[in-house]
Amino acid sequence: MPNVWAEMNGKPSDMKAFKYILLVFFLGLGIFCQAQEDGEILKPQKGIFLLQNATLVTVTKGILENSDLLIADGLIQKIGKNLSFPDAQLIDCTGKFIYPGMIDSGNRLGLVEVNSVSETQDFMEIGNVTPNMQALTAVNPNAVAIAVTRVNGVTSSIALPSGGLFPGTAALIHLNGYTPDQMYGGFKGVILNFPSSARTSTYDTRSEEDVQKESEEAQKKLDDIWEKAVSYHRLKSAGAMLDYYPEMEHLSKVIAGEISLMIEANAAVDIRRAIKWVKDNNVTAILTGVSEGWRIAEEIASSGLSVIAGPVLTIPSRQSDRYDAAYTNPGILVKAGVKVALRTNDAENVRNLPFHAGFAAAYGMGKEEALKAVTIHAAEIFGLDHQIGSLEEGKMGNLFITDGDPFEPRTQISHLFIQGYKIPMTNRQIRLYQEFNERSPGLEQ
Amino acid sequence: MKHIFNLLCLLLASPFLVVAQNAPNRFVIKNGTVLTITNGTFPKTDVWVENGKIKQIGQDLKVPANITVVDASGKYVMPGIIDAHSHIALEAINEATSPITSEVWMGDVIDPFDIGIYRALAGGVTVTHAMHGSANAIGGQNVTLKLRYGNTDPLALRMQEAPRTIKFALGENPTRVHGRGKNIQPRSRMGVEAVIRNGFEEALQYKKVWEAYETERKQKNSTAVPPVYSLRLETIIDILAGEIIIHCHSYRADEIYMLIKVCREYGIDKIVFSHVNEGFKVAPELAAYTMGASIFSDWWAYKFEVYYSTAYNAAVLTKNGVLTSINSDSGEVIRHLYHEAAKSQRYGGLSDEEALALITINPAKQLGIDAFVGSIEVGKQADLVIFDSHPLSIYAIPQMTFVDGIKYFDRESDELDQRLKINPSELIEPIFLKEYDHNCMQNVDFYFTNFGRNLFEHRH
Amino acid sequence: MINYFLHFKISLLLCFMLGRMGFAQSDPTGQKRITSTYLITRVTLIPTPGKILPNQDILIRNGQIVSFGSNLPRPAEALQIPGDSLFAYPGFIDMANKSGVSEPSIPEKPADFDPSNPPDVQAGIHPDVDVLEHYDPSHSQIVDWRKNGFTIVHKVPLGQGMLPGTTGLVVYGPPKSNIIIRSDVARYAKFSTVGGMYPATVLGVMAKYRALFENARLLSRHQVIFASNQRVKIPDTNPVLQSLIPVLEKNKPLFFETNSELDVRRALSIQREQDISVMISGIAEGTLMIPVIKKSGVGVALSINLPEENKQEFSAEIQNSEREEKLKKINAAYIKRLSAAGEYEKAGIPFAFTTKHLDKDKLFDNLRLMIKHGLSKEAALAALTTNPAKILGIDNMTGDISPGKMANILLTTDTLFFAEFQIQYVIANGYLFEYPLKDNSEKNGKNGSAYWEYDTKTSAGSASGFFEISYQSGTAKGSITYDDPQGEGKITSPMNDLKVSTKRITFSFVVKTAKEDLTVAIEGDVSENFLVGKMYIADYDSFPFTAQKTDKPKP
């Protein structure tokens with residue numbers, strides 16, 4: 001717990017320090033601060049911030065003790081020891097740790113408000129082939145869940161459309177900003193739900209032959225559509241004036257290599273087929289889901305494709321599998337040489353990403369790899385590692401300050417920065433806590 | 001069966017064990033950090049189990065020479081975790097055709113072959129409260145289970161000492177299933193209260209009729225003819241008489257308040273609220289008049305009635321004196337309830353003791369079984385879990401789980417495939433990408449809008 | 001023995017009696033049978049499982065077995081059925097079957113239908129419905145089942161709910177004859193539901209059973225009071241409760257249909273709780289329930305329906321090592337399922353069989369599979385005859401062949417369950433049904449020939465060799481090869497007096513030794529691909545002789 005009271009009772013040497021204390025007192029303490037003034041509005045704050053004397057867990061450049069980090073103009077300007085900068089707001093991080101903001105590589109955060117209320121669901125559109133649907137358009141920057149999510153250190157996430165063969169185009173968003181464009185993080189991917197040959201759950205009572213047959217038909221459908229897209233692309237590149245066909249237009253962008261394909265495949269046989277399909281069609285792709293990746297880890301490694309795995313906290317894909325199959329999956333992939341990023345695939349509890357990572361770490365992935373899976377590896381997979389994923393000078397100011405390991409539930413996060421903005425450590429859930437912890441009036445007899 | 005397999009494993013070269021074997025439910029766990037829950041934490045301490053019960057706790061215990069030794073050096077020992085809201089090990093969940101179904105009993109549909117039982121054991125859970133679903137305002141009677149996986153007799157999983165409990169449900173689920181789905185009351189929260197009151201009043205009326213009959217029948221040359229028998233109303237009479245603990249699925253603060261009022265009116269004080277996402281808003285009332293709240297760690301926003309939830313629920317309830325437990329209502333979450341309890345340390349700063357109590361002694365009290373389980377105390381049943389590190393750490397991995405002193409889970413030596421039954425016709429197993437079963441709205445999922453639209457919904 | 005049509009084939013027609021029995025009547029259709037007295041001659045009789053009496057005559061009159069024995073005198077009015085080379089068994093009894101049964105009509109839902117409290121009849125609760133009123137004995141499936149040897153059948157009602165009705169016992173005689181053996185046998189009980197109303201799950205069903213029984217008790221109590229004192233409220237007329245009162249009094253059992261082990265446990269729970277008698281049918285899962293069933297003493301019927309053997313190849317789904325493991329496990333589960341009946345026998349449970357869900361063409365294949373995996377032939381036959389008769393309480397009437405019992409007899413071309421046996425005649429309630437036989441002569445051996453390797457031990461030592469038997473247009477020829485007693489190498493001699501059936505091979509051949517020509521005779525019993533018998537060397541002793549049928553080695 002930050003020792004604000006000691007600082008308050010000490011003698012501030014000058015007004016600046018005193019102002020800083022007040023600032024921290026009002027803005028930076030969230031749950032520990034019971035003294036929010038009525039009418040006080042807590043907003044993300046742009047400015048110059050000097051984080052002093054922290055242990056920097058850079059991810060890419062090792063652990064730097066007793067170091068300072070300067071945020072200005074939305075970026076990490078400088079990392080070093082005993083930094084100073086005029087007009088910087090000082091944040092004393094003695095005994096604390098700074099981590100790069102975590103990236104959740106797949107979820108529906110911002111695309112749905114209340115799951116059972118269909119009017120609030122914006123991640124699924126009608127039609128089997130709808131790659132032109134832009135998740136970014138439908139993200140609600142003011143979704144209540146966003147503020148709930150980021151206080152756990154998740155600063156960026158991939159918004160996923162779902163449903164159908166090509167549900168749409170996913171986008172990476174930073175969890176700050178008031179318009180989707182302000183949130184947009186610079187990566188888009190067209191999703192392909194690879195035809196599944198698995199029997200999905202105990203309610204699926206098709207015979208073995210039917211399962212096989214239907215999966216072959218679905219595969220054929222995919223190939224047909226892809227062939228059409230390839231032709232479309234060829235004609236267009238040759239200068240043809242073709243009728244408006246947005247679905248093909250978008251797929252042709254994938255064929256042109258302008259946009260990545262994110263291929264969702266979970267059963268081992270489907271992953272295998274997807275890998276082959278990628279090779280045959282020569283596209284740039286990322287594998288997502290990959291629940292049974294552990295069965296064919298070497299094959300995935302040889303394919304050179306990166307994997308977005310998760311959720312980690314889920315049941316094994318088969319009843320005969322070992323109980324911890326989903327926990328151990330990312331670790332097995334990493335050991336085989338696959339680059340792995342993690343996702344929660346959740347909507348309102350994306351805040352649990354560090355706990356998914358913690359379980360993956362405990363069950364074979366190791367803490368270091370697990371941390372990379374939610375920071376630099378995710379950034380690399382999305383081609384954004386020059387901007388995010390680690391604490392390095394010049395990268396975006398996405399980071400948070402903790403009193404310990406962010407994967408551990410008992411750790412408290414005291415400060416959070418996204419795109420260089422200092423984010424108020426509050427949200428509706430915290431405000432409800434503050435209002436009701438000592439309800440007044442209390443019990444009426 | 002499985003016990004014999006475990007015995008064989010004990011005899012083989014396992015790093016923890018000395019070769020010496022007698023009864024399967026007697027052993028000593030040596031030299032672990034023992035988290036008793038009720039009496040503090042003791043490092044380098046032994047726990048001696050005889051005949052399935054905890055015989056002694058202390059340092060360097062003098063035990064018989066031939067007793068099995070489980071070496072827990074560097075490890076943590078805690079009581080078996082208790083899940084006060086679960087649907088694993090059940091063949092059916094919801095008799096959703098009537099808003100009051102107090103007559104049905106989950107003990108009729110125990111499924112001892114559910115792989116979910118083993119997975120829960122692997123997460124340190126030893127006792128589950130197998131409940132009726134939440135489709136009805138007054139649901140069916142629940143059954144408290146001990147996870148004795150490997151027994152093929154369903155009733156062998158029943159915890160004999162557990163008192164009777166029954167499921168109630170308020171809010172969106174019963175109003176959706178009956179009101180919006182079938183045009184039967186209740187359709188609104190007004191109707192939920194009315195249906196429950198009707199049930200209570202009808203039961204009282206039925207009781208009068210039967211008492212009159214029994215009195216008349218005892219007369220000489222009586223020609224009293226018996227009234228109609230209703231197992232449903234008989235059960236509600238038992239609720240009113242305090243013989244059954246109500247566990248009520250609820251979310252909104254106002255509906256929780258409603259039922260507290262109704263129960264006070266009818267003299268019912270054996271009530272536990274379940275899920276109770278807005279419990280923090282009526283914490284003082286819950287503390288004063290009920291047996292507490294059994295909640296999720298952090299689920300919210302999957303329905304409108306949980307939109308205004310907070311993950312700080314556990315902290316607010318605990319700090320206001322409400323007996324609080326954390327449950328799973330899921331075959332997936334039950335596997336890491338120790339982690340769910342740890343979240344209360346992030347959201348509200350509960351202490352280690354407070355957090356661990358949420359999954360041990362507190363749910364034991366809410367199920368009326370705290371005299372037998374829920375803490376490591378001499379005389380209690382030997383439901384124990386050994387962790388390789390402190391259970392509230394994200395990196396903790398359960399190693400062994402004991403129920404009544406018999407080992408049902410051993411991470412080192414258990415086979416990968418723990419199914420008890422294999423279907424000879426099923427060459428290609430189904431693949432589960434999500435836990436579809438084991439939740440409150442099972443069998444009635446179609447009452448949710450857009451069923452099938454989204455694979456990833458919660459249904460609770 | 002292979003049975004070929006004998007010269008004096010009896011050209012009997014299926015006789016139907018029009019109108020009343022026992023009175024002489026003109027029949028312009030010519031369908032009526034000319035006599036109800038039959039004498040089966042020189043048949044190998046198995047009157048009860050495990051007892052074999054060769055060369056018996058059986059006299060049947062008016063639907064009853066009069067007597068059996070050797071060389072019975074033939075009454076003048078008796079039609080003779082030559083039983084030479086035939087085997088006689090008691091007709092099969094099916095513990096539960098729905099062929100010919102139609103669904104009862106359910107009244108329309110009332111205008112104020114409330115799915116949470118529906119009228120019993122809509123919810124599938126109508127134990128008072130009599131299956132025999134919805135049974136059509138001329139249904140074509142019945143012809144097929146009779147052909148498979150079933151003579152007496154426990155008919156159970158159709159209906160999706162938990163108490164579809166009351167069962168009855170019928171005999172598969174001609175449709176217009178008297179086919180009802182006994183009505184009102186048991187109340188059929190299930191754990192399934194109609195759907196869309198209470199009860200909808202097994203939870204509701206169990207609660208409903210408890211409520212119905214308790215209210216039936218109360219109704220009975222009320223009726224007793226009313227009977228002795230008219231000045232009380234008239235008891236409700238409730239056909240559902242009324243039909244359950246005899247169950248509570250243990251005068252009628254509940255006949256439970258089960259689909260899983262957990263259903264069996266539920267049935268036994270109800271039996272214990274309500275203190276009634278039950279029978280449990282449809283047991284298809286393995287052996288876990290054996291100790292429980294044994295202890296309860298309840299009559300049970302196993303399902304003859306078996307899962308298909310899983311012959312599918314895995315797709316390239318998982319790694320090879322996993323594939324092997326999984327195949328092993330599934331095969332083990334499959335074998336366990338096949339051996340279940342044998343385990344029930346070992347535990348001493350006198351179970352019966354039901355043809356529930358069974359494809360009629362699989363009946364004997366499945367029985368053979370069970371026999372291959374541990375069930376004895378005697379127990380299989382008992383499960384089709386004496387056991388169900390006992391459980392259903394009709395063992396004083398039928399189930400075996402003895403004087404006074406109902407004439408339900410099967411005449412087969414070979415011993416029961418043997419690979420090539422066929423049922424040539426079925427006698428049901430004394431009515432004769434004949435079935436044309438298929439020509440099986442080509443069936444023995446591959447390409448019309450069989451190759452056997454033999455071993456024998458004489459006082460001079462052991463000897464081995466091979467013999468071949470081939471079939472051409474119905475006649476068998478063979479030759480045997482043996483060590484030349486006069487020198488090196490082997491000699492082949494033709495077989496004489498070769499007689500071959502699926503069960504027995506006998507032949508002789510001549511061996512030229514230095515001193516004389518010896519006639520050697522071989523006779524042996526054939527079982528599957530093994531022959532066990534004796535070799536007789538003229539003027540000398542007999543010696544053991546065994547042979548195994550194998551593939552002819554390539555030259």
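Which residues does A88(C) touch, not counting those up to four places away in sequence? I looked this up first. A88(C) touches I40(C), V43(C), L45(C), I46(C), I58(C), G83(C), I401(C), I409(C) and L411(C); contact here is C-beta atoms, placed from the backbone, within 7 Å.

Conventions. I worked on a predicted model, in which local features need pLDDT of at least 70 and side-chain atom pairs count only at pLDDT 80 or more, while totals for chains, interfaces and linings use all residues. Residues are numbered from 1 along each chain as its sequence is written, and chains are lettered from A and ligands numbered from 1 in the order in which they are written.

Core. I found A88(C) again, with I98(A) and A159(A), as the residues touching the most other members of the largest nonpolar core, which has 391 residues. Such a core joins buried Ala, Val, Leu, Ile, Met, Phe, Trp, Tyr and Cys residues through C-beta atoms within 7 Å, buried meaning 20 or more other C-beta atoms within 10 Å of the residue's own. Helix α2 (residues 202-228) of chain C gives this core its largest share, ten residues. Helices (H or I, at least four residues) and strands (E, at least two) are DSSP runs, numbered from the N terminus.

Sheet. In chain C I traced an open sheet of six strands with mixed pairing, in the order β8-β11-β12-β13-β14-β15. β8 (165-166) and β15 (352-354) of chain C are at the edges with a single partner strand each, so one side of each has no neighbour in the sheet. Inside this order, β12 (residues 254-257) and β13 (residues 278-283) of chain C pair in the parallel sense over four bridges; pairing requires at least two DSSP bridges. E257(C) has S281(C) as its bridge partner in β13(C).

Domains. I noted three domains for chain C: domain 1 (1-91 + 399-438), domain 2 (94-104 + 113-398) and domain 3 (442-550), with bounds from an automatic or database domain assignment. The centres of domains 1 and 2 of chain C, over C-alpha atoms, are 31 Å apart. Their contact involves 25 residues of domain 1 and 27 residues of domain 2.

Chains A and B. I counted 57 residues from chain B and 50 residues from chain A in the contact. On the chain B side, α9(B) gives the most, with five residues. I also found that strand β11 (residues 199-200) of chain A pairs with β17(B) in the parallel sense over two bridges, and that R199(A) stands opposite P430(B).

Methods
A residue is buried if 20 or more other C-beta atoms lie within 10 Å of its own, exposed if 12 or fewer, and partly exposed in between; C-beta atoms are placed from the backbone. Two residues are in contact if their C-beta atoms, placed from the backbone, lie within 7 Å.
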